Amino acid sequence: MNTYLVPLTSACTLITLNYVAIKIRSKMLIDSHEQALAPLLTGLASIVMMLVPFPASLGFLDLRSLPIFMAGIRYGFASALLSTLLPAIATLLFTDGNPWLLIGQELLIPAVLAAFFHNQEYRSGFMDIPIKHAFQLSISGLVLRCVSQLALGSALTLPLLVDQLLITGIIFATFAIILIMINDENRSWRLQRELELQANQDGLTKLPNLRSFLPIAANLLRKRNIAILMIDLDNFKQYNDFYGHLAGDQLLREISSLLRHHIDEQDYLARYGGEEFILLSTETNPVRLTAYAKSLCDKVAETFAQNDQPRAIPITISIGMAISPNTSVELKKVISEADQALYASKHGGKNRATLFTIRPHQQKMNA
C-alpha cells in the first residue's frame, strides 16, 4: 500500500496548488494577465509533479500531464502548448534515456487531447466543465500509456495493468476534485455577477438604473463636457388608466428597446424612474444635439403611428436637454437643468425637445 503514497501525495499537492491558483484569481490579482500567466503557472505545476517520481513498479512516471490536461480543457490548445514549454525544458535537462519520447507522450499529446474538449465558455466561467471530461482524459491517458508500453516491446502483465488502473483512478479522482473546485468558484462568481447586475439594472426594461448611471456620468464629466437628456413618455398615466398597468409595463419595455437601438453608439441610456429615462451624450454642439433629440422624438412617434392597431392615446416622448458648461460643474446641476428643459417640453405641447438656456423663460422649443 505504501507504493501508492507517492501518487496520493502528488495528487494532494496538485489539488492544493490549484486551490491557491483559484483563490489568487478570485482576488483579481492575475485576472488581467491571465492569458500570459496561465501557461507559466501550469508549467510550474507540471514541474512540481516531476520532482517526486513514482516507484518504477507502477509503470507511471508522475502526474506531469495532469496540469497540461487542465490547461487544454480550460484555455485551449495554444495555452496548453505554451504550458508544455517549461516542463519540456526540464525533461530535456534532467531526464536520462529518450526525453523526446516523454515530452511527446506526457506533454504534447495531452495538450492536443485536452484541446478537443475545450469550450470558450469554460475559460470565461459562464459554463461549468463537465466531470465526464476528467474520466475521458484519464482513460485516454491510460490507453496512451498502454499503447506506448506495447510499442516499446514491453509486456502488459496483469499486476502492471492493475497498478495502472489504480493510478488512473487516482488521476481521475484528482482531476474530478479540481474540476469541482473550479466549477464551484465559477458558480460563486456567476452568482456575484448576477447580484451586481440586479443591483445596477432596472428589472422591467433591463436598462441600467440610476444607481449605475450616476457614477459613469460623473466620471465622464470630470474628463470632458457632456450633455444630459431627460426623456419622458407622454400621457403615460392616461395610457395606464386606459389599457391597464400590464400594457403600460410592456410599453415601457418597447420604448426602452426602441431608444436603445437608435441612440448613438457611445451614448449611455438608463431608466431614471417611472416613465422617465436619462441619456448621457457626448454630443455638446447645441444644433446637432437638438437635431439628435428631435430624431428620437420622431422615431418614437413614427414607430407607434405605423402600428396596425389604432391607439386611443398617441405614443410620443418629450425631451429636455442640458449641456455642461465646463468639467467642474456638478452632475446634479446638469440633470436639474435638463429636467427644467423637459418641463418646458411637456408644457409646450409634448412630442418635442427643448434645450436649457440661461434664461428659462427664453427657452426655445425645438420640435
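Predicted model: local features only at pLDDT ≥ 70, side-chain atom pairs only at ≥ 80, totals over all residues.
User: Why is helix 3 called roughly parallel to helix 6?

Analyst: The axes of helix 3 (residues 65-75) and helix 6 (residues 99-115) cross at roughly 30°. Angles under 35 degrees count as roughly parallel. Therefore helix 3 is roughly parallel to helix 6. Their axes come within 8 Å, and the crossing is right-handed.

User: What makes the contact between helix 3 and helix 6?

Analyst: Helix 3 brings Ser-65, Ile-68, Phe-69, Gly-72 and Ile-73. Helix 6 brings Glu-106, Leu-107, Pro-110, Ala-111, Leu-113, Ala-114 and Ala-115.

User: Why is helix 5 called roughly antiparallel to helix 6?

Analyst: Helix 5 and helix 6 pack at an angle of about 150°. The label roughly antiparallel applies to angles over 145 degrees. So helix 5 runs roughly antiparallel to helix 6. The two axes are 9 Å apart. This crossing is right-handed.

User: Which residues of helix 5 and helix 6 meet?

Analyst: From helix 5 come Pro-87, Ala-88, Thr-91 and Leu-92. Their partners in helix 6 are Pro-99, Trp-100, Leu-102, Ile-103 and Leu-107.

User: How do you know that Arg-190 and Asp-128 form a salt bridge?

Analyst: Their side chains meet at 3.1 Å, N to O. The cut-off is a Lys or Arg side-chain nitrogen within 4 Å of an Asp or Glu carboxyl oxygen, so the pair qualifies. Arg-190 sits in helix 9 (residues 158-200). Asp-128 lies in the loop between helix 7 (120-124) and helix 8 (132-151). The pair is 62 residues apart and links distant parts of the chain.

User: How many salt bridges does the whole structure hold?

Analyst: A search finds 11.

User: What makes the nonpolar surface patch?

Analyst: Leu-40, Leu-41, Leu-44, Leu-85, Leu-86, Ile-89, Leu-93 and Phe-94 make up the patch, which covers about 770 Å². To join, nonpolar side chains must lie within 5 Å, on residues with over 30% relative accessible area.

User: Which helix gives the most to the nonpolar patch?

Analyst: Helix 5 does, with 5 residues. Leu-85 is placed in that helix. Helix 2 (34-51) and helix 5 (85-94) each supply at least two patch residues.

Methods. Residues numbered from 1 in each chain as written. Heavy atoms only, no water. Patch = residues over 30% accessible without salt bridge, like charges linked within 9 Å, V, L, I, M, F, W, Y side chains within 5 Å. Areas by Shrake-Rupley, 256 points an atom, 1.4 Å probe, with all protein chains shown as cover. Helix = DSSP H or I, 4+ residues; strand = E, 2+ residues; numbered from the N terminus. Axes fitted to C-alpha atoms, helices over the stretch in contact; angles between N-to-C directions. Parallel < 35°, antiparallel > 145°, perpendicular 65-115°, else oblique. Left-handed = near helix turned anticlockwise from the far one by under 90°. Contact = heavy atoms within 4.5 Å.
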